[in-house]
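Here is a briefing on one protein chain. It covers sheets, helix packing, salt bridges and surface.

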Amino acid sequence: MSVLQLQSVWEAIDVGAVATGLVAFVVGFVVVFLLGKIAFVPVVRRALGTRGFDQAVQSLGTSVANAVVWLAAIAVAFTVAGFGAFLSAFAVFGGAFALAIGFAAQDLLGNFVAGVFILKDKPFEVGDWIEWDGKSGRVEDIDLRVSRVRTFDNERITVPNGDLANNAVTNPVAYETLRQKFVFGIGYDDDIDEATDYIIEAAKDHSMILDDPAPSVRLVDLGDSDVGLQARIWIEEPDRADFMRVRSEYVQAVKERFDEEGIDIPYVHRELTGSVELVERARGSDE
């Protein structure tokens, strides 16, 4: 391109219009950006804090609010500068791109949303002992995408939050007390009331079994070889380690008392009957 051609192109450019558009762009961007930072972002942060959201959710909400401020400032700046058509085309392209990303990462986004609800609703917290889908362990960390659980065999399970948010989760330590049940089988010839007294006494003698609610016993089964007596006991401030220890000590105490008092704990007896038929054939009879 020659010097004369460059000069003609430069003369064709409306310098005043370009300068005006640039000033409008900068002013629009700065005004919207400052308003967002001063008013919008603090309001979002305060609203999340007032509603009791977890710190991680508050941080996420603040980050999203900051992103919205940036996008709004750029959009307004392009509009007041006279580049509305460019902004519309970019919005269409960005919407299509976001839709494609959403379909590709729907599981990831689902876990992300589930993490927000877990942090908000708090069905369990870090340190709780939980049970889900045949697994159990103690919660070590709750992230926005996954939760990390340490099993009682000292293994770590990384669980997608969607699995915990969309399925039943048992939290045995959600309340201050926990009831446990155990069925003791006694013989049909044994006295039910006497065995019940021994079961109750063993519970009262244990320091970690509560007197209120009081331990109780119910007859729950008439089996093939035994009568099932279900003991119901309560422990305070439940923890799995304490629960397992208390349960073991209590069952052992009942077993030893039954042995002392001659209460039978029968087990299933099975007798196999039948006969064996031997057929003796003379040698060479098949020939």
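This is a predicted model: local features need pLDDT of at least 70, side-chain atom pairs count only at pLDDT 80 or more, and totals for chains, interfaces and linings use all residues. Residues are numbered from 1 along each chain as its sequence is written, and side-chain values use heavy atoms, with hydrogens and water left out.

The chain holds 8 helices and 8 strands. Helices (H or I, at least four residues) and strands (E, at least two) are DSSP runs, numbered from the N terminus. Of its 287 residues, 29% count as buried. Buried means under 20% relative accessible area, exposed means over 50%, and partly exposed lies in between (1.4 Å probe, protein chains only).

**Five-stranded sheet**

- An open sheet of 5 strands has the order E4-E3-E2-E1-E5, with antiparallel pairing.
- Its edges are strand E4 (156–160) and strand E5 (169–170), and each pairs on one side only.
- Two strands count as paired if DSSP finds at least two bridges between them.
- Strands of a sheet pair through backbone hydrogen bonds, either parallel or antiparallel.
- Strand E2 (residues 135–142) and strand E3 (residues 146–150) run antiparallel and are joined by 4 bridges.
- Ile142 has Ser147 in E3 as its bridge partner.
- Thr151 sits in the loop between E3 and E4.
- Thr151 is buried, at a relative accessible area of 10%.
- Neighbours within four places in sequence aside, Thr151 is in contact (heavy atoms within 4.5 Å) with Ser136, Gly137 and Ile157.

- E6 pairs with strand E8 (residues 227–236) over 10 bridges, in the antiparallel sense.
- Phe182 stands opposite Ala231 in E8.

**Salt bridges**

- A salt bridge is a side-chain nitrogen of Lys or Arg within 4 Å of a carboxyl oxygen of Asp or Glu. By this rule the count comes to 8.
- Glu140 and Arg156 form one of them, at 3.4 Å from N to O. This pair links distant parts of the chain: Glu140 is in strand E2 and Arg156 in strand E4, 16 residues apart.
- Glu140 is partly exposed at 29% relative accessible area, and Arg156 is exposed at 59%.
- A network of salt bridges links Glu140, Arg150 and Arg156.
- Asp259 and Lys255 meet in a salt bridge at 2.6 Å, N to O. Both lie in helix H8, 4 residues apart, about one turn of the helix.
- Asp259 counts as partly exposed at 46% relative accessibility. Lys255 is also partly exposed, at 38%.
- Glu261 and Arg257 meet at 3.2 Å, N to O, in a salt bridge. This pair too lies in helix H8, 4 residues apart, about one turn of the helix.
- Glu261 is partly exposed at 34% relative accessibility, and Arg257 is partly exposed at 24%.

**Surface and contacts**

- Leu22, Val26, Val30, Leu34 and Ile38 make a nonpolar surface patch of about 470 Å².
- Patches are made of residues with over 30% relative accessible area and no salt bridge; like charges are joined within 9 Å, and nonpolar side chains (Val, Leu, Ile, Met, Phe, Trp, Tyr) within 5 Å.
- Val26 is found in helix H2 (residues 15–50). Val26 is partly exposed, with a relative accessible area of 43%.
- The chain has an accessible surface of about 19,500 Å², of which 56% belongs to carbon and sulfur atoms.
- Accessible areas come from the Shrake-Rupley method with a 1.4 Å probe; for residues, only the protein chains shown count as cover.
- Among contacts in the chain with a separation of 6 or more, 62% come from residues 24 or more positions apart.
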